[in-house]
Amino acid sequence: MRPLSTRLVAVLLLVAFSQAVSAQTTTYPITASVSTSAFPAISSCTNCIFNLSPGVVLTVNSNVSCTNCTFNGGTVIMNSGSIALKLPVSFDNDTVIINTSINPQSMNFSGDSVAINAKVNYSLGGTTISNSHISVNGQLSFSSATLTNDSIHLNADMSFSNATDAFSGDHVDVANGVTLSTEAATYTNSVFAFNGNAQLKDANGLTSTGTSWYLNQTSSITSNSSTSFTSSTVVMTGTNSFSASNALPVTNSDITIDAGSSLTASSLTVTGGAIDNGGTLKSSNAVTLTGDTLSMSGTSTISASSFSASNNGSINGSVTMSGTSSITSSNAVTFSGTNVNMSGSSTMTGSSGSAATDTLSMSGNASITVTNNFAVNGSDASLGGNSVLSAGSVTVENTGFILIGDNSGGNAHLLSRNQLQVLDHSSISIDGHNNYFQTNANSIQTASGNVPITSTTGSCGGSGENSCAMGKVYGCATMNSGGAAGCVSLALADVSLTAKLAGADAVNLSWTDARSNTAVNYLVQRSAGNNEWTTLTTIDANAYTDDYQFEDRNTPAGTLGYRIARTDRDGDTEYSTISGITTSNARNNTISLFPNPVSGRTFYLTVPNTNRLVLNVYTLTGQLIMRTTLQGQTQYPLQLPSQLSPGATVVVQAIQADQSASFPLLLR
């Protein structure tokens with residue numbers, strides 16, 4: 001008997017030899033069409049390569065077992081028999097037609113044209129399909145797969161059971177009634193089209209990057225976990241639905257929701273891109289837009305626990321609403337760095353609201369209704385047509401401005417059921433005759449205290465005018481920190497006022513009055529901007545025989561406006577033109593205007609810094625005829641409105657956070 005060591009070496013050599021034999025690759029050239037029943041080599045083959053000549057057909061019609069096999073070129077038709085495809089079985093530049101149910105462990109395609117006409121169920125993961133055309137007419141199931149640059153037509157269901165599925169550069173058409181089921185799949189630079197009642201069901205959240213999604217007719221997408229879209233497009237045409245059970249962050253993507261379609265998420269955060277909503281958008285939590293373009297039309301709706309739209313750095317957002325579109329928030333509706341335009345019968349509702357450093361424009365029968373406070377902070381809000389802004393209280397601050405009315409003959413109004421606050425060089429202007437403001441508080445709260453609103457403020461009580469009511473102000477009128485006042489007519493010819501510096505912080509005023517014999521007294525008034533006038537003193541008409549004099553000492557820094565209010569014997573009050581002057585202790589930090597008078601309507605405004613600037617142009621009756629917001633320069637070319645005729649005088653008011661100035665400007 002041989003020693004044990006000799007026998008052990010022999011066994012090891014035998015095992016090594018058998019492994020070497022099994023690892024060898026056998027190549028079969030197939031130059032003529034053949035069936036497996038006449039090709040016994042394929043009945044049980046390991047590490048085999050079958051090279052099919054162009055036009056050659058290999059028909060599988062008997063029992064076949066292939067382990068780690070490769071088919072190159074030609075056409076492979078699987079018709080019948082027991083077909084066992086073990087470990088990776090690869091097809092390269094083939095036409096593959098599967099007419100019988102198979103359960104491959106793994107079957108890879110590259111550059112192939114594949115028709116799956118029977119049930120195919122992959123039992124192992126790691127399948128790769130690339131640069132292929134796949135037509136799925138029988139149910140197709142993967143453990144997991146990676147698909148790259150393919151064209152896929154799903155006429156039957158396709159599913160993935162693991163969470164490593166990936167589509168990249170694919171074009172997928174899903175037919176009516178077909179379901180695509182995935183597990184936390186990623187979609188990159190692909191196109192998906194769902195038709196009829198097609199569905200995508202993702203059990204653990206999908207991730208879309210650079211991918212376009214087209215939902216047609218009654219198709220749907222359902223994601224049961226976190227879902228994200230980046231640089232993607234979603235177009236919903238018909239009565240489709242998109243539902244994400246958790247958060248849905250959308251970045252630099254465009255979403256179009258047709259009438260009848262809906263998008264639902266637990267929360268929606270959109271940064272960049274655009275949303276065109278003609279249907280329904282729902283969030284059980286917040287809808288947050290950052291630097292986006294939102295368009296709503298028809299009967300479209302957005303409902304959320306809170307709604308906010310803000311700018312994305314230097315990119316301002318925009319919200320445009322028309323038809324009967326609506327935004328409904330159970331909490332706040334807030335805008336910051338976003339331009340909002342509401343028309344038709346569009347509506348917004350919330351518990352509170354705010355507009356900051358943006359513009360809010362309302363026309364038609366548009367309405368905003370909030371239960372608590374609505375704040376206009378450094379923004380311009382305009383209510384035209386029959387639009388309504390209604391709130392528990394209204395705050396206008398930081399050079400904020402609300403214009404009620406647009407001379408269209410409408411009935412625009414602002415309702416502050418309780419308190420009205422007008423702060424920080426802010427104001428409310430009421431145009432026209434039937435536009436109005438109303439508050440139950442009957443007063444305006446300013447930084448210096450409450451100012452009453454009387455029942456005779458504005459255009460009420462006269463012939464053909466509106467009924468007077470406490471706390472109700474009709475146009476033409478202005479409300480600011482000085483209170484509420486109707487527009488007044490200012491006399492130009494009778495009182496001539498001159499203002500001159502009298503030292504670093506004093507101004508000498510002198511004026512003449514061609515009708516001084518009819519005057520009782522003169523009120524000397526000063527304004528530091530925003531049409532707010534303070535009476536400095538009262539001078540008896542008999543105090544002087546020729547020129548009247550007054551010196552305003554300890555003046556505030558900046559550009560000041562002065563005027564004289566003359567009271568006649570019959571009780572009427574008339575006003576002089578406004579004379580503007582800058583005190584010397586602020587000359588290095590002032591606002592200036594030139595030329596004055598102006599020819600050709602173009603004038604220039606110079607400011608000391610590039611901060612936000614609000615410019616108002618008033619007629620001498622106090623009617624606002626132009627308003628604009630500027631930023632980023634220290635000198636601006638501006639043009640007067642075209643309706644002004646030569647010889648007209650207007651008051652130009654410039655407001656920055658730390659100062660303001662008013663100038664009478666004559667148009668030659």
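At 46% relative accessibility, Gln217 counts as partly exposed, a class that lies between buried (under 20% relative accessible area) and exposed (over 50%), using a 1.4 Å probe and protein chains only. Gln217 belongs to strand β28 (residues 212-217); strands (E, at least two residues) and helices (H or I, at least four) are DSSP runs, numbered from the N terminus. The phi of Gln217 is positive, near 60°, although the residue is not a glycine. This is a predicted model, in which local features need pLDDT of at least 70 and side-chain atom pairs count only at pLDDT 80 or more, while totals for chains, interfaces and linings use all residues. Residues are numbered from 1 along each chain as its sequence is written, and side-chain values use heavy atoms, with hydrogens and water left out.

Ala184 also has a positive phi, of about 55°, and is not a glycine. Ala184 sits in the loop between β23 (179-182) and β24 (186-188). Its relative accessible area is 22%, so Ala184 is partly exposed. Most residues other than glycine have a negative phi, and most peptide bonds are trans.

## Two cis peptide bonds

Which residues does the cis peptide bond with an omega of about -15° join? The bond joins Phe594 and Pro595. Pro595 is placed in the loop between β69 (592-594) and β70 (602-606).

A cis peptide bond also joins Asn596 and Pro597, with omega about 10°. Pro597 lies in the loop between β69 and β70.

## The chain as a whole

The secondary structure of the chain comes to 75 strands and 1 helix. The radius of gyration is 39 Å, well over the 26 Å that the globule rule gives for 668 residues, so the chain is more spread out than a compact globule. The radius is taken over C-alpha atoms, and the rule is 2.2 Å times the number of residues to the power 0.38. The C-alpha trace spans about 150 × 50 × 50 Å along its principal axes.

Of the 668 residues in the chain, 49% are buried. The chain exposes about 26600 Å², of which carbon and sulfur atoms supply 48%; accessible areas come from the Shrake-Rupley method with a 1.4 Å probe, and for residues only the protein chains shown count as cover. Among contacts (heavy atoms within 4.5 Å) between residues at least 6 apart in sequence, 32% join residues at least 24 apart.

## Parallel strands around β11

Strands of a sheet pair through backbone hydrogen bonds, either parallel or antiparallel. Here two strands pair if DSSP finds at least two bridges between them. Strand β8 (residues 75-78) and β11 pair in the parallel sense over 4 bridges, and the bridge partner of Val76 in β11 is Val96. β11 also pairs with strand β13 (residues 113-116), again parallel and over 4 bridges. In this pairing Ala115 in β13 stands opposite Ile97.

Which residues form the covered face of β11? Val96 and Ile98 form the covered face of this strand (residues 95-98), and Thr95 and Ile97 form the uncovered one.

## Parallel strands around β50

Strand β50 (residues 393-397) has 4 of its 5 residues buried, so it is largely enclosed by the rest of the structure. Strand β47 (residues 373-377) runs parallel to β50 and is joined to it by 5 bridges. β50 and strand β53 (residues 420-422) pair in the parallel sense over 3 bridges. Val396 in β50 stands opposite Val376, and the bridge partner of Val396 in β53 is Val422.

The Ser387 side chain reaches the backbone oxygen of Gly384 at 2.7 Å. Such a polar contact is a pair of N or O atoms within 3.5 Å; within protein, one must be able to donate a hydrogen and the other to accept it, and residues adjacent in sequence count only if both atoms are side-chain atoms. Leaving aside residues up to four places away in sequence, Ser387 touches residues including Met362, Ser363, Asn411 and His413.

## An antiparallel sheet

An open sheet of 3 strands has the order β61-β62-β65, with antiparallel pairing. Its edge strands, β61 (495-501) and β65 (548-553), each pair on one side only. β61 and strand β62 (residues 506-513) pair in the antiparallel sense over 7 bridges. Thr498 stands opposite Ser510 in β62.
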